[in-house]
Each structure stands twice: as C-alpha cells, then as structure tokens.
Amino acid sequence: MNVSQLARSIPESPTLKLTEEARLLKEKGEAVIHLGAGEPKNKAPINAILSSAAKLNTGDVKYTPADGTPSLKKAIIRYTEENYNKMVAPENIIVSAGAKQAVYNLLFTLLNPQEEVIILAPYWVSYPEMVRMCYGVPVIVTPEDGSFHPRMQDIEQKVSSYTKAIIINSPNNPSGIMYSEQFIAEIIDFCERKGIYCIMDDIYHKLIFDGRKPISAYKHTKKDLENSKLIIVNGISKLYGMTGFRIGWTVAPKALTGILTNVQGQITTTTSVILQAAAEGALTGIQSIVEGLRLMIENNRNVMMQELQSFNGVKITKPDGTFYCLPDFSAYNKNSLELSQLLLKKALVVTVPGKEFGMEGHLRLSYCGTIKEIKQGIERIKWALDPNSPNEIFIGERKLVRDWL
Ligand SMILES: Cc1ncc(COP(=O)(O)O)c(C=O)c1O
C-alpha cells in the first residue's frame, strides 16, 4: 500500500486494541474481565443528557464557531475560575474533540520538524506518537531512582536547544501518582526561565484520593497569562465519566488560542454542537456526581491495593488518583507484553503492558470497573502466575487447571 512512511510508522493504540480484543471475546461469550479500561461504568449526568437532548430537539444542528459555542466557553471560564482560581477570557479557550485532540492540536501548532518534547515516563501512550505525527522528537525522561515521580535533575539533563515543550500529566496515567506541588512549581519556573511551553494535561485533576486537593498550575506562574508558556488541557471524559461525548478544551494565551483555532478550523471545523451542549449541561449542572464518582473510584482503588498486597512478588506504588495503578510484575516476567498476552489467553483478564507506557516489567491495571471484577481479576492473575496459589479456578462456567508453572 502506497501510504506515507510517517502514517505507516504509527502503531495502533494498544489500549484501543485491547478493548477491541476484549469486546470480541465477550461477544463470543467468554467471561472476560477488563482491567485495561480507562472509563467508569456510570451513566452520563442527567443535566448533560437533558441539555444535549434539548439541543437535538430543536432540529437546529449546525456548525458552531471553530473554538466552541460561547455558552460552553462561558461554562469553562467558570470552571477555570472555580477550580484553578484563575479568571480567563473567552479568547483564551478552545473546545476540541476530547483532550486528545486538544493535545494533538497543540503539538501540531507548536512544533517545527525535529523540535523536541520532553515526556515523563511512565507516560500516556499517545504522547510520543502524537509528537512523531507532528514531525517532532519525543524525548523520554525516566526517573533514575526507579520511582514514578520525575526529578528536575533528570529533566534538566535532557533539555536541549531543540526543546520546545514539556508535557505534565498529574495525577498520572498510568502510575496514578500525583506530582508534588513543589515539583509543579519548579517545572513551571524552569519552563518560564527557558522559554519552553509547559502543557499540563489535567484530565484527571479532580480524580484524587486521601483528601488531596487539585493543584492549580496558575498559582506557580510568575507571568500573566498572555506572556506565559503555561497551557492547561482538560475535559469532561474523566471528570463526569463522559468519554463517549468527546469534549475537551485548552486554556492558553490569546495569540496561541487564535492559531489553534485556525488549525482546528481547517481540520474538524468544530466539535458537534450536540456534544458541546452535553458538556455545558454537565459543567453547569449538579456537581455532586463528580464527588460520587471520585468516592466510588477511591473505594475501588482501596480494594485493588488490598488484593494486590496479598500477591507475593508484586511491587506496588499506591495511586494518589486516576483509575490506574502500575504494579511491577518483573518478578514473574520481565517482558510485559508476554505477560499481558498470557493473562488474556489463560485467565481472560485484560491488562495493558507497561512497555507501552515506558515502564517494562509493569502492568497497568485499571480499577474503574466493579469490585467483583477487581477481586476476580486479581484472583485470576494470581492463579495464572503464582505457583503458591490454588491450581484450580472457575472462569465463567468452566473449571480450569493450571498446568504451566
Ligand atoms: C492522560 C490522558 N490525557 C488525555 C486523555 C484523553 O482524554 P479525552 O477522552 O478527553 O480525549 C486520556 C484518556 O485516557 C488520558 O489518559
């Protein structure tokens, strides 16, 4: 097939691939447990449904301004004021088809060929590929101390005259850890001194546990917004469990937002007016749903930790937020792809190999499903890997005997 070398080099998203594999197995009636997913099973908030249904019922479903409807932008301004303690103008905001498109548009807009973007391992799978898709170079920084928390000295060593941006995702997919406020302050100061764009992917910023409070990056910038290199990306996918609505946004200096709007206008024109209405409904509606979802996920996190602790040989770092944890399974197999494939084949449990996130030997496990799924999923993983666990298990209707350890 005669397609571009660049397009050919872009791999399929591993998480989407695994979700599809799990769906096909489920369709065949297999008792699959999905510990790979990044979306809770809640229903969309009623205010989101009513707001989008009302828009649909008018039959007036047309293009909107490329940067989003004025009323959704107003809701985002209010969200930014309430959650970041920052007043921004409509010209600072652009609405996109998910935080994913927001990040991609930013990279497309910021990068010249061969310019570098610092990405902190463990990282969200899409960052390096998106940088490559914009002809940039992803520069991965892995904490030298073996933890999941980045260190300034490791970052400083990787910064060069080609460094254009750094992406910060805290709380972090896949590790679940939240970076310290001191680190956030230091990295913003560093970026401002060096003239490097600091992209904060805040998609999980309110999904945090143990009484933690979201960190507003604006608190740590010394510059006013128009002269700042600080860019915030956020969205409704994780906040309200509205992944399928595909609405995210960027808050950036006006000049940059204008260019982002030109870029988006040439690609997608705008996002759907129905979905923008849904996002507006969620943002302006009853907010107790966010706390309800957060509490449910925190409880799930606790169950996941409890189950994993009884598993000899697995090293765990307790997540501070998100839906994910990234335990170290290298005592069982250093090759996370092999491990993940074995677990799917033998135990019908979907996990995501740590290699995809720059952390070989680890598996990303999601705890946004049900408690039953978490407990049964870990029991099956134990059965498949741990010779000290009982060698018989029921999976669905079938009794299976382990004969490979
Ligand atoms: C770190 C991170 N950023 C962005 C996204 C994408 O969010 P959205 O659904 O708004 O595109 C995800 C989704 O998993 C994510 O984990």
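Mentor: One definition before we start. Ala, Val, Leu, Ile, Met, Phe, Trp, Tyr, Cys and Pro count as nonpolar, Asp, Glu, Lys and Arg as charged, and the others, Gly among them, as polar. Also, keep in mind that this is a predicted model.

Trainee: Okay. How do the residues of the shell around the ligand divide?
Mentor: Into three nonpolar, eight polar and two charged.

Trainee: Which residues come nearest to the ligand?
Mentor: G98, A99, K100, G235 and S237, out of the 13 residues around the ligand.

Trainee: And which element gives the largest share of that shell?
Mentor: Helix 5 does, with three residues.

Trainee: What does helix 5 pack at an angle with?
Mentor: Helix 9. Helix 5 covers residues 98-110 and helix 9 covers residues 254-267. The angle is about 110 degrees, and the axes are 10 Å apart. Angles of 65 to 115 degrees count as roughly perpendicular, so helix 5 is roughly perpendicular to helix 9.

Trainee: Which residues make that contact?
Mentor: From helix 5, N105, L106, F108 and T109. From helix 9, I259, L260, V263 and Q264. The residues of this contact divide into five nonpolar, three polar and no charged.

Trainee: Let's zoom out. What domains does the chain have?
Mentor: The assignment gives domain 1, which is 5-43 + 288-401, and domain 2, which is 48-284. Their C-alpha centres lie 27 Å apart.

Trainee: How many residues does each domain put into the contact?
Mentor: Domain 1 gives 29 residues, and domain 2 gives 29 residues.

Trainee: Which elements give two or more residues on the domain 1 side?
Mentor: Helix 2 (14-27), helix 11 (288-309) and strand 9 (324-325). The largest share, seven residues, comes from helix 11. The residues on that side divide into 15 nonpolar, seven polar and seven charged.

Trainee: New topic. Which peptide bonds are cis here?
Mentor: One of them runs from A121 to P122, with omega near 0 degrees. Another runs from N173 to P174, with omega near 25 degrees. Most peptide bonds are trans.

Trainee: Where are those prolines?
Mentor: Both sit in loops. P122 is between strand 3 (116-120) and helix 6 (126-133). P174 is between strand 5 (163-168) and helix 8 (181-194).

Trainee: What about phi? Which residues have a positive value without being glycine?
Mentor: Y135 is one, with phi near 65 degrees. R246 is another, at about 55 degrees. Most residues other than glycine have a negative phi.

Trainee: Is R246 buried or exposed?
Mentor: R246 is buried, because it has 20 other C-beta atoms within 10 Å. R246 lies in the loop between strand 7 (230-235) and strand 8 (248-251).

Trainee: Why does Y135 count as partly exposed, then?
Mentor: Because Y135 has 14 C-beta neighbours inside 10 Å. Y135 is in the loop between helix 6 and strand 4 (137-141).

Trainee: Last one. Where is R212?
Mentor: In the loop between strand 6 (197-201) and strand 7. R212 counts as exposed, because there are 12 C-beta neighbours inside 10 Å.

Trainee: What does R212 contact, leaving aside neighbours within four places in sequence?
Mentor: M178 and D320.

Trainee: And how far is R212 from S366?
Mentor: They are 154 residues apart in sequence and 20 Å apart in space, C-alpha to C-alpha.

Technical notes. Residues numbered from 1 in each chain as written. Predicted model: local features only at pLDDT ≥ 70, side-chain atom pairs only at ≥ 80, totals over all residues. Domains from an automatic or database assignment. Contact = placed C-beta atoms within 7 Å. Helix = DSSP H or I, 4+ residues; strand = E, 2+ residues; numbered from the N terminus. Axes fitted to C-alpha atoms, helices over the stretch in contact; angles between N-to-C directions. Parallel < 35°, antiparallel > 145°, perpendicular 65-115°, else oblique. Near = placed C-beta within 6 Å.
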